[in-house]
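Reader: I would like to learn how to read salt bridges in a protein model. Could you take me through them slowly, with the general idea and then the case at hand?

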Amino acid sequence: MAYTLIDGNKTAKEIKLEIADKVASIIADGGKRPHLAAMLVGEDGASRTYVNAKVKDCEEVGFTSTLVRFGADVTEEELLAKVEEINNDPAIDGLIVQLPLPNHIDVVKVTNRIRPEKDVDGFHPVNVGRLALNWPTYISATPNGVMELLARYQIETAGKHCVVIGRSHIVGSPMSILMARNGQPGNATVTLTHSRTQNLKDITRMADILIVALGKPEFVTADMVKEGAVVIDVGIHRIDDASKKSGFRLLGDVKFDEVAPKTTAITPVPGGVGPMTRAALLMNTLLAAEKKVYK
Ligand code: NAP
């Protein structure tokens, strides 16, 4: 079957251009540049890479960004004081705290301290609650990116059976809420599956739309997918590969080569959901700057 490759790189680029245009018109109208602050604690290499990428994305679209760095020995009080300072700084629209945090810092306390109006990661319980109520909110980056891909590729979701594999707070669970909401995309009949689900294959084979976020490389094989389904692969894994210049290759949670021919549309890894996750943070920061969620 000929399938559509859902191109996250291309779509993320389009979104960035749209946001850059919007920033230019805000400035032309005498407004101020959207401003994202990011907090990074410690020297974890992956966290540093992620934060640097977010800062670079900001520069690309014309946002102001502030990176606040702390050593791994920062106290919880110091961190919370900085959050409070940024909460009260009218020049800053959005604040993210890169996770994970060191064990001596209570991540729940930090998440709760960020003002919901500035919580562009969408992790604050108020914003998660607003998502559940189908109110305007900051949708967390990965589910937001997936919804944007479905919308822009005009994938029909209403009345479809959507199966989500994985129920994490940052991906699977919000994904299931969004697909079931009364909205567009949405209005799907949703089955949320997890590690205790029995007969998973019988369920995934009934999916018109299969969203995979369980964190196991190439877990979903062709026999688990219905002919003509749409498959969204959220998983991302670095696999050592001496034949590559980088020394690794990236795999998703879906065995792409055998699954893709059975689908009508599928996201690749890399170049699918990953770049959309980055673009979604910019979308939320723009919403914050324009006061579109909290008016
Ligand atoms: P997570 O917190 O580890 O959650 C995994 C979920 O999958 C859990 O709900 C778990 O069930 C479920 N699960 C595990 N094994 C299963 C099985 N055999 N059958 C059915 N369900 C199973 O992972 P996550 O943070 O959601 O991330 C999932 C994947 O997406 C990872 O590969 C991660 O790297 C990737 N990711 C990518 C992006 C991106 O930007 N592309 C962003 C975030 C995450 P239980 O709840 O029962 O344990």
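Author: Side chains of opposite charge can pair when their charged atoms come close. In this predicted model, Lys-109 forms a salt bridge (a side-chain nitrogen of Lys or Arg within 4 Å of a carboxyl oxygen of Asp or Glu) with Glu-76, and the closest N and O atoms are 2.9 Å apart. Lys-109 belongs to helix α4 (residues 107–113) and Glu-76 to helix α3 (residues 76–87), so the pair ties together parts that are 33 residues apart in sequence; helices here are DSSP runs of H or I with at least four residues, numbered from the N terminus.

Reader: Is Glu-76 buried or exposed?

Author: Buried means under 20% relative accessible area, exposed over 50%, and partly exposed in between, using a 1.4 Å probe and protein chains only. Glu-76 has 10% relative accessibility and therefore counts as buried, whereas Lys-109, at 41%, counts as partly exposed.

Reader: Which side chain meets Lys-56 in a salt bridge?

Author: That partner is Glu-60, at 3.8 Å from N to O, and both residues lie in helix α2 (residues 45–61), 4 residues apart, which is about one turn of the helix.

Reader: How many salt bridges does the rule give?

Author: The count comes to 19 salt bridges. As for the conventions, residues are numbered from 1 along each chain as its sequence is written. Local features need pLDDT of at least 70 and side-chain atom pairs count only at pLDDT 80 or more, while totals for chains, interfaces and linings use all residues, and side-chain values use heavy atoms, leaving out hydrogens and water.

Note on methods: Helices (H or I, at least four residues) and strands (E, at least two) are DSSP runs, numbered from the N terminus.
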